[in-house]
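I opened my notebook to look a few things up in this structure. Come along and check each entry against the picture.

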Amino acid sequence: MADLMLNSVTKIYRPRGREAVRAVSGLDMAVGDGEIIALLGSSGCGKTSTLRMITGFEAVSEGSISLGGRRLNELRPAERNVAMAFEGYSLYPPLTVRDNVAFALLRERAPREEVVRKVAEVAELVGIADSLDRFPSTISSGQQQRASLARALIRPAALHLLDEPMSQLEPQVRAILRARIKEWLKDRGMTAVVVTHDQTDAIALADRIAVMEASRLMQFATPAELRERPANLFVASFIGEPPMNLIEAEVAVGASGPRVVAPAAGSALTLDLPQTAALPAGHRVWLGLSPRHLAVGQGPHRAEVMVNQWLGDQTHLALEIDGLPLTAVAAGMVDAVPGEVVPFAVEPRGIHLFDCAEGAAIYHGSAEAA
Ligand SMILES: Nc1ncnc2c1ncn2[C@@H]1O[C@H](COP(=O)(O)OP(=O)(O)OP(=O)(O)O)[C@@H](O)[C@H]1O
Ligand SMILES: [Mg+2]
């Protein structure tokens, strides 16, 4: 059983002569057996520090980590049964790529045929079959990264940690490789935590995504939940390409129930909310409108088209209402030129409200909402 539990895990670095750095703050996370988790966040948010505490290369400052019910905090890295592919690859320079990849199996004295078969299989998977007899210093950084990934994937371990395993690879290769990695992990029922700052990678690879920002966990949920029910303003502004439109607004009470008005758009953007949305009038909020739920072509609202970009499979529209910018995404081509005023509708499930002071989500529209 590979359940990984992090309870209030905190990392504080205390570099000599410099101020202490809080790299991870009170992280709570439960990862199920066979689950693939992505740790997603911008540079410096604490992703690598989290992985290094799980492997034991960094001490946990506060809190506890356990794997399969066994507390890891005091165990040495070798006792933890955790495999990791490092951000900096750290291949052994005097060994060939083949011996680097086979290292863990050779150390465990696995039968020769098994080592040969597994190395061939994993080298094929990551695309380094041609480089197996070369030394790390004579291959490109992208190949070194693949070798490091292969070295981690080949290991039988209760948990696999992959730190930015594809950062050096070009987009087309990444798309293929992440699908292969996912298949490899799922076929073998492996539990994995994959660090990335690319949300497309995270969405494609992971069952659930842990979004981190400035040492804290902002939300831990499935890709669909992050999109449809972002827990706070940060996740709303971070997830989605393009991200959600965020507009300062206010809750009001209309003839037919609660509504939200955006003064920045004049009176042009007033949206009715369902009766069930129990929100006090006058409450100041951030109104989030997801670009894919702004349906251009018909509807009660009007906006001016500033830019109309056809991307080959979808259209991105930059719109303006009374000077307020809005982004809309349509699945097909939209027949509108810059300067044109177009009607649009806001689909109920595209409406989100966040508390102005705290940033916490206070309302998510649903497909059923009136
Ligand atoms: N050994 C260390 N000593 C002091 N501060 C450190 C140390 N390692 C990391 N930090 C700091 O801790 C914070 C988190 O770093 P970490 O490497 O975990 O971030 P990350 O999310 O992996 O970033 P990146 O995407 O750039 O790899 C950063 O502010 C970093 O500067
Ligand atoms: Mg890192």
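At what angle do H4 and H5 pack, and how far apart are their axes? I keep in mind that this is a predicted model.

**Entry: two packed helices**

I found that H4 and H5 pack at an angle of about 10 degrees, and their axes are 12 Å apart. Angles under 35 degrees count as roughly parallel, so H4 is roughly parallel to H5. Next I looked up who meets whom. From H4 come Arg 146, Leu 149 and Leu 153, and they meet Val 173, Leu 177, Ile 181, Trp 184 and Leu 185 of H5.

**Entry: helix H3**

I moved on to H3, which runs over residues 112-126 and has 15 residues. From first C-alpha to last, H3 reaches 21 Å, close to the 21 Å expected at 1.5 Å a residue.

Which residues of H3 are buried? I noted Val 115, Val 119, Val 122, Ala 123, Leu 125 and Val 126.

**Entry: the open sheet**

I traced 6 strands in an open sheet, in the order E13-E12-E11-E14-E19-E20, with antiparallel pairing. At the edges are E13 (270-272) and E20 (361-364), each of which pairs on one side only. From one strand to the next, the twist averages 35 degrees. I looked at one pair in detail: E19 (residues 351-355) and E20 are antiparallel over 3 bridges. There, His 352 stands opposite His 364 in E20.

A reminder to myself: most residues other than glycine have a negative phi, and most peptide bonds are trans.

Where is Ser 215 found? I found Ser 215 in the loop between strands E9 (208-213) and E10 (216-221). Its phi is positive, near 75 degrees. Ser 215 is buried, with a relative accessible area of 7%.

Asn 81 also has a positive phi, near 60 degrees, and is in the loop between E5 (70-71) and E6 (82-85). At 36% relative accessibility, Asn 81 counts as partly exposed.

Last, I checked the peptide bond from Glu 241 to Pro 242, which is cis with omega near -5 degrees. Pro 242 has its place in the loop between helix H8 (233-238) and strand E11 (245-254).

Definitions and conventions
Residues are numbered from 1 along each chain as its sequence is written. Chains are lettered from A and ligands numbered from 1 in the order in which they are written. This is a predicted model: local features need pLDDT of at least 70, side-chain atom pairs count only at pLDDT 80 or more; totals for chains, interfaces and linings use all residues. Side-chain values use heavy atoms; hydrogens and water are left out. Helices (H or I, at least four residues) and strands (E, at least two) are DSSP runs, numbered from the N terminus. The expected span of a helix is 1.5 Å times one less than its number of residues. Buried means under 20% relative accessible area, exposed over 50%, partly exposed in between (1.4 Å probe, protein chains only). Two strands pair if DSSP finds at least two bridges between them. Axes are lines fitted to C-alpha atoms, for helices over the stretch in contact, and angles run from 0 to 180 degrees between N-to-C directions. Angles under 35 degrees count as roughly parallel, over 145 as roughly antiparallel, 65 to 115 as roughly perpendicular and the rest as oblique. Contact means heavy atoms within 4.5 Å.
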